[in-house]
Amino acid sequence: MRRDTTVNAQSPGTLFSTIYSASSRLISPEDVKEIVVTGWQEAELTAHDDVKEPHRLYHLGVSLQTCFGSSKRVEDIDEAVELCRKAVDLTGNDNPNKPMYLNLLGEVLQDRFRHFGVLEDIEDAVVSCRMA
């Protein structure tokens with residue numbers, strides 16, 4: 001049974017968080033795909049100057065990293081890296097979430113290195129984790 005993933009502009013984040021929380025206990029590939037679709041919808045509805053944008057990008061990065069774990073699609077891990085980098089770039093050094101964003105960026109880069117062996121990924125992962 002397909003759930004409606006339409007996101008209301010008045011409450012971006014609510015549906016994504018609900019689905020993510022529920023499915024993190026017992027996650028299926030269909031759940032991950034639904035989370036990614038919902039995350040993209042919310043990201044598109046978020047104003048670029050919204051203080052919540054980095055956190056939404058972080059959650060979408062987590063979802064794409066999870067999706068890559070089962071799909072092994074290069075697009076999933078590349079998008080996860082891009083979104084994590086953007087979340088880090090948009091977050092001030094005084095923000096308490098910055099270490100979490102840096103840590104995820106490091107994890108995603110490590111995943112990409114493990115699967116594709118690009119040395120720059122592991123070097124960037126080390127830098128990111130040290131900054132966290």
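Me: Just after helix 3, what phi does K72 take?
Reply: Happy to start there: this is a predicted model, in which local features need pLDDT of at least 70, side-chain atom pairs count only at pLDDT 80 or more, and totals for chains, interfaces and linings use all residues. Residues are numbered from 1 along each chain as its sequence is written, and side-chain values use heavy atoms, leaving out hydrogens and water. A helix is a DSSP run of H or I with at least four residues, numbered from the N terminus. Just after helix 3, K72 has a positive phi of about 60°.

Me: Is C84 buried or exposed?
Reply: Buried means under 20% relative accessible area, exposed over 50%, and partly exposed in between (1.4 Å probe, protein chains only). With a relative accessible area of 2%, C84 is therefore buried.

Me: Which residue's side chain makes a polar contact with the side chain of R85?
Reply: R85 sits in helix 4 (residues 74-89) and is partly exposed at 32%. Beyond its neighbours within four places in sequence, R85 is in contact (heavy atoms within 4.5 Å) with residues including L105 and R112. A polar contact pairs N or O atoms within 3.5 Å; within protein, one must be able to donate a hydrogen and the other to accept it, and residues adjacent in sequence count only if both atoms are side-chain atoms. At 3.4 Å, the side-chain partner is D124.

Definitions and conventions
Helices (H or I, at least four residues) and strands (E, at least two) are DSSP runs, numbered from the N terminus.
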